[in-house]
Amino acid sequence: MIRSRVWISGVGTISAAGVDVQSTLNCFADGARHFSKIFPFETDVVQPAFQVQAPLPNPGGQHERNRTFRLAMHAVHQALKDAELETVPSGTRVGICMGTTVACQLNSLPFYAAWRKNENPPLDRVYDFLNSNLAQATGKALKVTGPRLTIVNACSSGTDAIGVAASWIRAGLCDVAIAGGADEMYTVPLSGFWSLGVMSTEPCMPFDRDRSGLNLGEGAGMVVLESPAFAESRGKKNQFEVAGYGSAGDAYHLTAPHPQGRGLDAAIRAALAQANITPDKISFVNAHGTATLDNDRTEAKVLSTLFGPELEFLSTKGYTGHTLGAAGGLEAVFALLGLRESWIPASAGFKNRAEDLGIAPVAQTTKIDGEYAMSTSLAFGGNNSALIVRRVA
Amino acid sequence: MSDDLPAVSILGIGAVTALGRDLDSISNQLTPVYRQISESVKFSHAPFSGRPQGGVDICNHAPTRSCGTPLKAAETGVVINALRVNDADLNLDPAMGAQLRRADRFTKMAVAAACDAWDMAKNSCAAIPPERIGLFLCSGFGPHCRGFKFLDGVLDSGETASSPADFSHSVHGAASAYISRLLDLRGPSLNTTDFEIGFEEAVRVAQCWLAEDACDRVLIGAVEELGAVFLSCAARMVEGTPTIAPSEGAVFLVLARTDVAGAAKLSATEPPAAVDLAIVEDPVVLPASAFLPAINAKRIVTFTSAFGHNASASAFNLLGGLLAMRADASIDTAATLRTSSEGRSVTLLLEK
């Protein structure tokens, strides 16, 4: 079995909560919720939108219209700077593993509407799509070589991308890996989630008694992983690492989680086993916490069973909305920031304890003392993932 | 490539292709291909001599401009040949079929191939707990026809009245959800998308899972579906240039960590120095930057004209290699050679 360690040397984040680590921490400290009207397109779907208001650098060329790629690259460059890897040494094998949902389909409504009318629309949207595979486009932009995969596991994509990248490092397939997730706000998931009846027209309230559904958001969260040998060769010291990752399927339903959360339970147990720790070592959990009735009920059941009712946990979707393929990447970064700063923010949107959940998230900024934190993700298709990160003393 | 990543055993194979679903039949149709080409690199753009069971559809714009209808002869414009899977090859036993009533063609192809692979491997998997069986599905385009059907709903009924079933089936993981539920697979599950060497990368991750003891078996596959939108776009993109028929289908394998007697070994690796059978893409579909790695091969063959071309072509090439090894005792090693548009090469190496 392969059991070498995986260091985390850099993080990058962009979401409605902030365009970088510091602005995100400020948002968390203030308990601010930056939702707005949906832009830059018109939509009939009404919801508080958690979008990135700041202009993004324009890469030009074929990626000019690709907002997901632009969000991803914003976070990637931050993470590489944080890792002091803005210039990757020649010969370094750099893996790219990224999760997304919007960027994996040709879902341009104007293109398709024209196609349906026999108008033979220009093919630029098709070429955009063919050139926009997130991992491939990122690797090409960075001019690096190594394994590349774009994970399309719906809402657990970002977490799974980090898990896969950690495997690459442990297996010696690359020296460095850039991993996480990115997604933009777009009309197709808006319409889809609306059709499923799981969206709220009010700001979302994860784990609250009166929760009424999710709000969509956009953003990107990335980490830089390194093999200890490579990191030490450039004089880095270990501060954080991927301690464990687990993934498990419900084998139950296309969209609904298993009522007893058996997949999530198995994923968390697998992550704990890989980290070789017991549940009491987890100082806090950054839960998936979408604020839908089913998700929060299932997640609360599993968390309370595995960690007990005193577990300190939160959902950061009250600050970012549900960013789909980006969520796992962002929430891994937020878990790392919690360990680094020794505090976690109030679980935004939570006001009233839901007695039937048997567990409640933190309602105010909370001090954290411990080595390990966990981030969980539940996805369409019944996939569940858990990531454990560690602050090295 | 790390020395720590051991080859894995292939315990089961399932496939739904334009050549059919029965492995012996597919093998018989492929045999002339790899027997004809020997000791020298020869490529032919001529059509495959054996007519695929699924027939050849002449596709361009579907007459109704709706993805819900079968592909039919083009009314106007550029004509492109496409190799479709025969609908009869998607049949499952009634109990299982009943659970697929909302599923689309993409999912049905995936389920059919996955179930066949699982069935072949079931004896060696019977004692494995569901939590120890992983699932990996890769695709370039995913269930895009269902995605366009969802867009039909958005355009026709409005954003707030679209179909939840079309939306939930349009995500890349929909087929995996069906497979995991039907076969009760509860281990790690991944869906990936790539247009070049995604299947090779998937095999590497499956090797990692098994090496790390994340699971004891991996059901891994690739699925591609033909659809009117992309076919019409492809027709416009390749107009006036030689091309290979786009195709659809699914290939699934059951992989195990353990060394199983009689099972072929698989690894994603650097191109080996020597191999009995080298499998390459037809040059017509290779990127301009691609070039074959230096390799000493007794035979070099392309299955592209037999299976057609799609974003998961490596999986179909691997299937061809496996069937060739099964049918021909002189082939002990086979390797797919594929190069990305940036010149990255990963080989899928098969060993008896």
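## The contact between the chains

Across the interface of chain B and chain A, 26 residue pairs are found in polar contact, both residues being at pLDDT 80 or more; a polar contact is a pair of N or O atoms within 3.5 Å, where within protein one must be able to donate a hydrogen and the other to accept it, and where residues adjacent in sequence count only if both atoms are side-chain atoms. The model is a predicted one, in which local features need pLDDT of at least 70 and side-chain atom pairs count only at pLDDT 80 or more, while totals for chains, interfaces and linings use all residues. Residues are numbered from 1 along each chain as its sequence is written, chains are lettered from A and ligands numbered from 1 in the order in which they are written, and side-chain values use heavy atoms, with hydrogens and water left out.

On the side of chain B that touches chain A, the elements giving two or more residues are helix 4, helix 5 (164–170), helix 6 (174–183), strand 5 (189–193), helix 7 (198–211) and helix 8 (228–237) of chain B; helices (H or I, at least four residues) and strands (E, at least two) are DSSP runs, numbered from the N terminus. Chain B brings 63 residues to the contact and chain A brings 70 residues, contact meaning heavy atoms within 4.5 Å. Between them the two chains bury about 5,900 Å², of which 61% is on carbon and sulfur atoms; this buried area is the accessible area (1.4 Å probe) that two parts lose on being put together, summed over both. Four salt bridges are counted between chain B and chain A, a salt bridge being a side-chain nitrogen of Lys or Arg within 4 Å of a carboxyl oxygen of Asp or Glu. A salt bridge joins the side chains of B:Glu212 and A:Arg170, at 2.3 Å from N to O.

## Aromatic pairs

Over all chains, a search of the whole structure finds 20 aromatic pairs; rings of Phe, Tyr and Trp (its six-membered ring) pair if their centres lie within 6.5 Å, and planes under 30 degrees apart count as stacked, over 60 as edge-to-face and the rest as tilted. Two of these pairs are set out below.

| Pair | Centre to centre | Angle between planes | Class |
|---|---|---|---|
| A:Tyr112 and B:Phe148 | 4.9 Å | 20° | stacked |
| A:Phe193 and A:Phe380 | 5.7 Å | 35° | tilted |

The pair of A:Tyr112 and B:Phe148 crosses between chains, from helix 3 (residues 109–116) of chain A to helix 4 (residues 144–157) of chain B. Both A:Tyr112 and B:Phe148 are buried, which means under 20% relative accessible area, with exposed set at over 50% and partly exposed in between (1.4 Å probe, protein chains only).

A:Phe193 is buried at a relative accessible area of 6%, and A:Phe380 is buried at 13%.

Just after helix 7 of chain A, A:Gly197 has a positive phi of about 75°.

A:Asn107 is placed in the loop between strand 2 (94–99) and helix 3 of chain A and counts as buried at 10% relative accessibility. Leaving out residues up to four places away in sequence, A:Asn107 touches A:Val102, A:Tyr186, A:Val188 and B:Leu151. A:Ala17, in the loop between strand 1 (6–15) and helix 1 (21–30) of chain A, is buried at 1% relative accessibility. Beyond its neighbours within four places in sequence, the contacts of A:Ala17 include A:Cys27, A:His34 and A:Tyr319.

## Strand 12 of chain B

Strand 12 (residues 345–351) of chain B has five of its seven residues buried, so it is largely enclosed by the rest of the structure. Strand 8 (residues 265–269) of chain B pairs with strand 12 of chain B in the antiparallel sense over five bridges, where two strands pair if DSSP finds at least two bridges between them. Strand 11 (residues 333–339) of chain B also pairs with strand 12 of chain B in the antiparallel sense, over seven bridges, and B:Thr336 has B:Leu348 as its bridge partner in strand 12 of chain B.
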